[in-house]
Every structure is written in C-alpha cells, then in structure tokens.
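Open the model in your viewer and keep the selection panel at hand.

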Amino acid sequence: MVTVVVLGTWNLENLFRPDGGAQAYDAKLAALASTITTLSPDVLAVQEVGQPEALADLVARLGGEWHTELAAPDGRGIRVGFISRLPLAGVEQVADFPDKLRPVQVDDTGAPVSTMGRPALHVRVEAAGRAFDLVSCHLKSKLLTFPGGRFSTSDEGLRARYAVYALNRRAAEAATVRDYATRLLDGQGDQRAVLVLGDLNDEPEAATTQILLGPPGSEIGTGGFTQPDQGDGQRLWNLAPLIPAEQRYSRIYQGRRELIDHILASGAVARTLTEGDVTSGGATPASIGDNPHARADQPGSDHRPLVVEVADRP
C-alpha cells in the first residue's frame, strides 16, 4: 500500500488577528500549528478563518511551502478555505442555491435568502498523477442566534421559530453543496475522486447531512457497500464509520461527544479505504455550551480535525 495523498478538515474556531491580547493569539497559533504538523496533511480544508492575514500567520508556523485559498466571508467575517502542500487549481466559490430551490426565511423579518451564509469553496489538486476535486464547506450552525445577537431566550415560541429557520437554512445549504458535487461527479463517481469536507453542523444520521450523500443505499458497513449498483456513480459516502470508535467525535457539546465535522467521498476513494484510514486528532477539546464567545482567547480549537489517508490499492 502506497499513500497517495493525506486530506483533512478542521474548524479552526474564530481564527482572527486580535486587536490586543497578542499572547493569547500566539498560544492559539502554536496549538493549531502543532496539531497540523503532527497530522501532516497534504491538503487541509479549513473553516472559521477570519482575516486572510490570520491564516498567513498560521501557515508561517508550519514550515515548508504552502498554498492557500479562501472563500468570501459571512456576516461576522469567517470563511472556509484550504491550505495545501500541493498546488491548488480549479478554484471556484459555491454560494447560490440551485435552480428550483426557493429562498428560505432566516429570521422574523421574513427577508428571503437564496445563497449560502458562508460560501463553500472548490479546489482541485493532483497527487501521483491522480486528480482530486475537493469542496470545503461550513453549514449553518445548530447554535441559535436570536434578535439582538443573543444566544438564549425565555420565549419558547421564538426559540422554536429560530430553530426552524436554522434547520431550513442548513438543509438548503446542504442541497447547494450536493448540487455542486453532483456536477463534479457527473455520474462517474467510481472513477472521479470527489470529496466534500467540512463542518456540517450535524451528526451523520441527521437529515441535512444525509442530503449530501445522494442516492440512498450501499452505506459503509452494509452488505450493499461491496456490491456496485447503478447509484454508485452519483453517491458520496460518509467516511465516519471508518474512524476508530473511540475517536469518532469532533466536538464536545454540553458534555456529549458529537461528530459534526465530516469527510464525504466518491466511490473512487471510499472503496479503497478500510477502518483506520480515517482518523481524528488533536487535543480533546473542552465541552462547550450555546455561547460561541465563551472560549474567547483559548488556545487551539473547540473542534478536532479529521484526516483520511488515500492510498493506491491493488
């Protein structure tokens, strides 16, 4: 077995250059760089990058030559992107909902939205003469934000409405990324190496995560996985079952381990893998609650990275 390329994804948690607090920023960069160096990915999809200069600060700590690309930021200034030891080609931003998918309501004003809150980003890399199409994405958070920027409310009607708004937006964003992946696959997923990587803000069984998979059936761990069928050219497989059970989480929310960061792969990649080829790494993060600002100035990230080693197999 010869490893062709190591691909990963990591939510870097609010990687912003500080107005002050240089010591905390330095500690954050040191922790992030240490984990990335240990995992040694060839390409890493990243989420929650603030200023491009902040990503440059991180890359400067990694050593060697790295290529970077970033998508446009969302309303609070975070974006997705890639850092890569391999040259990045075919760069394209993904934002507009696909044709026939109507705009969704995202708050009580009723103003419709027809684009992803955080655009996804596509790149293509080549390793050992093989092309890989990669999409980095960060779907709408499960953590709710209420009018006035509040993270909690005693109004249960408000809570219920905003939970629906968030769910609808995350589903529409999943459909947008899925539409783009469908075009990349072009019915040839058994030959084309296509991967969607990122923070999907929900677990493998969630309806929004399932949207990204394409035709149902043939999941990893079922008898259908080893039996090719007509849907395989369109499918993406969630590689979560290949992560060792004790590592199968990427965030700790209110004391409970969750896997909300994912790597989805076409058959050309998924069928070459076995358990242990996909791992999570980094320090065990502290448990978080519903206030995303509670970890301000903490080192590292509140997420763990995921990495897949893609190899040539006979």
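By about how many helical turns are Tyr 162 and Tyr 165 separated in helix H3? About one, because the two are three residues apart in H3 (residues 156-185); helices are DSSP runs of H or I, at least four residues, and strands of E, at least two, numbered from the N terminus.

This is a predicted model: local features need pLDDT of at least 70, side-chain atom pairs count only at pLDDT 80 or more, and totals for chains, interfaces and linings use all residues. Numbering runs from 1 along each chain as its sequence is written, and side-chain values use heavy atoms, without hydrogens and water.

Next, select Phe 225 and Trp 237. Their ring centres are 6.0 Å apart and their planes at 75°, so this pair is edge-to-face. Now show Arg 271: its charged end sits over the ring of Phe 225, 5.1 Å from the centre (NZ of Lys or CZ of Arg within 6 Å of the ring centre and within 35 degrees of the ring normal).

Finish at Val 308. Beyond neighbours within four places in sequence, its contacts (heavy atoms within 4.5 Å) include Leu 7, Leu 195 and Leu 239.

Definitions and conventions:
Phe/Tyr/Trp six-rings, centres within 6.5 Å; stacked < 30°, edge-to-face > 60°.
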